[in-house]
Amino acid sequence: MLEITPIPAFSDNYIWLITQPGSRQAAVVDPGDAAPVQAVLEDRGLELAAILVTHHHPDHVGGVGILAADDVPVYGPAGETIPALTHALRVGDQVKLSNPAIRLEVIEVPGHTLGHIAFAGDGLLFAGDALFSGGCGRLFEGTAAQMLASLTRLRELPGDTLLYCGHEYTLANLAFARAVEPDNPDLAKRLQQAREQRDNQQPTLPSSLDEERRINPFLRWDQPAVKAAVTEHAGRTLANDTEIFAELRAWKDNFKPPQ
Ligand SMILES: [Zn+2]
């Protein structure tokens, strides 16, 4: 019975607004900017009851200080410096809000940053910059092995889990995914759908975990077609999943989509 609404910020960030029909209390995830959140709250007559943060990057926490000023609790990773943090979270902790009524489990997903967490529960996954539709976050602080373990954990979530991530990167991610798996029919379908969504100024999110497992190369490092493509791109034998994943991530880092 929850309603999840994207609040666009900067050039391609999404701040996720969590509301419950009939209630005036709201929560937000990763408010990198306060102004667009305040505008939506005012416009809809909502009151902020909680702030959830996945990691410390400024485009995810830039608005936290201002929005938390009226004693709004801030839930975020224990391993990172988060402004106005009131609830330092570790793996297995739960965020339980009564209004909006939501219970989310904390999953530690190091890789993009070392303390990065994701929130999962009630069929929702707020993944920050760990997992995107069709892609994953860059390895700014962690290793490929850490990111592989993080995505392995997220990949195990129920297939109908809806993915709400931090950026509208889907089209660029799918262009790369197509280079890795040109013959994946689910990928072709998803690309067409995402293009239509963007042409209509709609977000490409959420997607489902089930769909991500079929189209996202960063959840498919152990699929024969992905392994073969990465090995060919590397031009050498790759010893294990970690090496394959590291090569896949490096390939994406240097990928220029065909114009
Ligand atoms: Zn980030």
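**Burial.** I started with how much of the chain is tucked away: 46% of its 259 residues count as buried. I'm keeping in mind that this is a predicted model.

**Overall shape.** Next I looked up the radius of gyration. A compact globule with 259 residues would come out near 18 Å, and the chain has 18 Å, so the two agree. I also checked the C-alpha trace, which spans about 55 × 40 × 30 Å along its principal axes.

**Contacts along the chain.** I took the contacts between residues at least 6 apart in sequence and found that 56% of them join residues at least 24 apart.

**Helices and strands.** My list for the chain has nine helices and 14 strands.

**A helix pair.** I picked α4 (residues 144–155) and α9 (residues 241–253), whose axes come within 9 Å and cross at roughly 100°. Angles from 65 to 115 degrees count as roughly perpendicular, so that is what α4 is to α9. On the α4 side, Ala 144, Ala 145 and Leu 148 make the contact. On the α9 side I noted Asp 241, Thr 242, Phe 245, Ala 246 and Arg 249. Sorted by class, that contact has five nonpolar residues, one polar and two charged.

**A sheet.** Then I traced an open sheet of six strands, and wrote down the order β7-β8-β9-β10-β13-β14, with mixed pairing. Its edge strands are β7 (94–98) and β14 (207–208), each pairing on one side only.

**Inside the sheet.** Which way do β10 and β13 run relative to each other, parallel or antiparallel? They run parallel, with four bridges joining β10 (residues 124–128) to β13 (residues 162–165). I looked up one partner too: Leu 125 has Leu 163 of β13 as its bridge partner.

Key
Residues numbered from 1 in each chain as written. Predicted model: local features only at pLDDT ≥ 70, side-chain atom pairs only at ≥ 80, totals over all residues. Helix = DSSP H or I, 4+ residues; strand = E, 2+ residues; numbered from the N terminus. Rg over C-alpha atoms; globule rule 2.2 N^0.38 Å. Buried ≥ 20, exposed ≤ 12 C-beta atoms within 10 Å, placed from the backbone. Contact = placed C-beta atoms within 7 Å. Axes fitted to C-alpha atoms, helices over the stretch in contact; angles between N-to-C directions. Parallel < 35°, antiparallel > 145°, perpendicular 65-115°, else oblique. Nonpolar A, V, L, I, M, F, W, Y, C, P; charged D, E, K, R; others polar. Pairing = 2+ DSSP bridges.
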